Amino acid sequence: MKWFGGWFLQCLLAVLGTVATCAHAQAPLLLDTSVSQQALASHTRYYHDLAGNDDLPAVRKHLEAGKFQPLPDGNTSFGFQDGAYWFQINLLNTGNPDRKWLLVQEYALSDRIDVYAIHADGRVLHKTGGDHLPFDQRNIRYRHPNFWLDLPPGETVNLLVRVQSESSMQVPLRLYSPVAFIEQSRDSQFAIGLYYGILLALFIYNLVMWLTLRDASYFWYLFHISAFGMVLFTLNGLGFEYLWPESAWLADHAVPLSICLALIGMQQFARVFLELRQRWPAGDKVALAIIGFFVLLGLAAFKLPYYLVVPIASAAVFPSICWILVETMVVLRRGYKPAWLFLLAWFLFLLGTGMFSAVAFNLLPKNFITEYGVQIGSALEMLLLSVALGYRYAALRNENERIVREARDQLEQKVELRTTELRNALGQLEEAHDRLSEFSRHDGLTDLYNRSHFREAFDRLLSDARNSNSPISLLMIDLDHFKRINDQYGHLVGDDCLRWTSNTMAVTLAPYGALLARFGGEEFIAALPGMDLAQARQVAEELRQGLHHNPCRSGELSIPISASIGVHSVDLTARNSIEFAMQVADQALYAAKAEGRDCVRTL
């Protein structure tokens, strides 16, 4: 009996020892054929090296001793921390045909990143990255640090990543296959381009307003757009990629400096828009003190260490945005109606900015909303602020009209002068809107799409055709001897003919889902999705006959119209499909002209 009890105790201790050993082991992330990209947070353990002195052998001993812990709730943000952080992931390729994978650290401001890939045969491959190294040393020219990994099928690779940075410790690691990374980076660059396109359009619009009206609120609005755009340009890693790829010093100091400039612009714009000097003098003094603080902090950013200035600037965002809310509420309660739109415009922006700063201090987890809320909020805020500026201008006009009614007898001459100024300003505003209307996507004469919009829309159609492996064709259309019509009947009749022709083509091509645009002068272009060369040629012939048999009516004139049409089916495998397709369609058009016009030709 004693023998059995001793044997049972030994077995129990052996089982407990095995369990304890397995507790330190980390189940590998399996990369099977269904995986093309994977966030690593759920399979990641970390260790905080407070002194930042541990090397790879020491850390491997810590790993064996079980000192690595799972990420708290899968959160990859730790705030501003001293020392270095080590992250460990086991990767096992279980049959995925991609042996080469890209590890991306989706946070642009980490100073130094060391990646150690430990293979089963004992090989250790070491790669480095971060914005304290020249940008051209990255494996792929991309705004986020990235590293190529070799993951042979059937072999577990132990991945250790060391991150040390004076910036916020945010380490969202993600693994991509080459194809998945190309798709993700394309979508990401498109979204960023769209965002900065909105900012650029708003900048141009309000620049025209400021040059026209000389209203200080428009100037500070421009300052705010520019400074905040630079903040995001820096935080997203685009500044390091495009502006200072060789300068770690600028990569560090541009962050606090751009934050200070953005907060100065925010406070100053709020002062001017809300008219704090007249409506709340005490609040105006506080706003000036906040502006002075950020001016001094921006100057200090050139001298003080990064790890001191950035946390101060990031933390100062909270009281700064809260004070703008206080200003708005006070002025609103004092009867300033434009403050309603101002409050609506700033609410989402301030919420997004606050969440972005909270992530830096590990007060909120990093996810899509907290990471990109500032871009979404700022885009909406800047659009609404443009509306608010117009509303404010209208409110000022109404206020002046009230003054006219109350003081007509005493101030008639002064009121008349002010009214004239307002009329001039409104006229200038209408002229500015007319100039901005040139950016419209429609052609002013024919109401068809213009050439620039066609290229953008055709690019999307071409992408859909590639994804669905369906054909797409181009028609290049030129009206025959159109100059004779202008010379014989005049340009007004020629314009009537262009409008009639565009309407006839739109009606004829509408059943085929065509994308039709005026290419220039009397030349038009159309894309036919889902049609091969033979089908497109039939449609082109139908269009040619529709133009040939239906003369244009201009007043009492009946003017025959004919067209030469070049047809080309796009090669979906060509890298420069758009340019090449348009060139071939144009050559087919010239062949139609050379063979007597009023015909359809292909190459």
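**Aromatic pairs, sheets and helix packing in the predicted model**

The structure, a predicted model, holds 20 aromatic pairs. One of them joins W220 and F223: the ring centres sit 5.5 Å apart and the planes meet at 65 degrees, so this pair is edge-to-face, given that angles over 60 degrees fall in that class. Both residues belong to helix α4 (residues 216-235), where a spacing of 3 residues puts about one helical turn between W220 and F223. F223 has a relative accessibility of 26%, which means that this residue counts as partly exposed. Ring pairs also tie Y46, F78, Y85 and F87 together into a cluster.

Aromatic rings turn up next to lysines too. K100 lies over the face of W148, at 4.5 Å from the ring centre.

As for the overall make-up, the protein comes to 17 helices and 18 strands. Of its 603 residues, 49% are buried. Looking at contacts with a separation of 6 or more, 74% are between residues 24 or more positions apart.

How many of its residues are buried? The count is 10 of 10, so β5 is mostly covered, with under 20% relative accessible area as the cut-off for a buried residue. The cover extends to both faces: A84, W86, Q88, N90 and L92 are buried on one side, and Y85, F87, I89, L91 and N93 are buried on the other. Two of these residues, Y85 and F87, are also members of the ring cluster with Y46 and F78.

Which strands does β5 pair with? Strand β1 (residues 29-31) runs parallel to β5, and the two are joined over 3 bridges; here L31 has N93 of β5 as its bridge partner. Strand β3 (residues 45-49) pairs with β5 in the antiparallel sense, over 5 bridges, and Y47 stands opposite W86. Strand β10 (residues 156-164) is also antiparallel to β5, with 8 bridges between the two. In that pairing, Y85 meets V163 of β10 as its bridge partner.

A further sheet is open and has 4 strands in the order β2-β11-β6-β9, with antiparallel pairing. Its edges are β2 (37-39) and β9 (146-150), each of which pairs on one side only. From one strand to the next, the twist averages 20 degrees. Within the sheet, β6 (residues 100-105) and β11 (residues 173-176) are antiparallel and share 4 bridges, and L103 has L175 of β11 as its bridge partner. Helix α3 (residues 178-213) packs on this sheet, where it touches β2, β6, β9 and β11 and points at about 120 degrees to the direction of β11.

Another open sheet is built from 5 strands in the order β13-β14-β12-β17-β18, and its pairing is mixed. The edge positions go to β13 (515-520) and β18 (600-602), and each of these pairs on one side only. Ignoring direction, neighbouring strands are turned by 20 degrees against each other on average. Strand β12 (residues 472-479) and strand β14 (residues 523-529) run antiparallel and are joined by 7 bridges; L474 stands opposite A527 of β14. Helix α17 packs on this sheet, with β12, β13, β14, β17 (563-569) and β18 all touched, and its direction makes about 145 degrees with that of β17.

Helix α17 (residues 577-594) also meets helix α13 (residues 451-468): the two axes come within 10 Å and cross at roughly 105 degrees. Angles of 65 to 115 degrees count as roughly perpendicular, and α13 and α17 are therefore placed in that class. On the α13 side the residues in contact are R455, F458, D459, L462 and R466, and on the α17 side they are S577, I578, E579 and M582.

Methods. Residues are numbered from 1 along each chain as its sequence is written. This is a predicted model: local features need pLDDT of at least 70, side-chain atom pairs count only at pLDDT 80 or more; totals for chains, interfaces and linings use all residues. Side-chain values use heavy atoms; hydrogens and water are left out. Rings of Phe, Tyr and Trp (its six-membered ring) pair if their centres lie within 6.5 Å; planes under 30 degrees apart count as stacked, over 60 as edge-to-face and the rest as tilted. Buried means under 20% relative accessible area, exposed over 50%, partly exposed in between (1.4 Å probe, protein chains only). A charge sits over a ring if NZ of Lys or CZ of Arg is within 6 Å of the ring centre and within 35 degrees of the ring normal. Two strands pair if DSSP finds at least two bridges between them. Axes are lines fitted to C-alpha atoms, for helices over the stretch in contact, and angles run from 0 to 180 degrees between N-to-C directions. Angles under 35 degrees count as roughly parallel, over 145 as roughly antiparallel, 65 to 115 as roughly perpendicular and the rest as oblique. Contact means heavy atoms within 4.5 Å.
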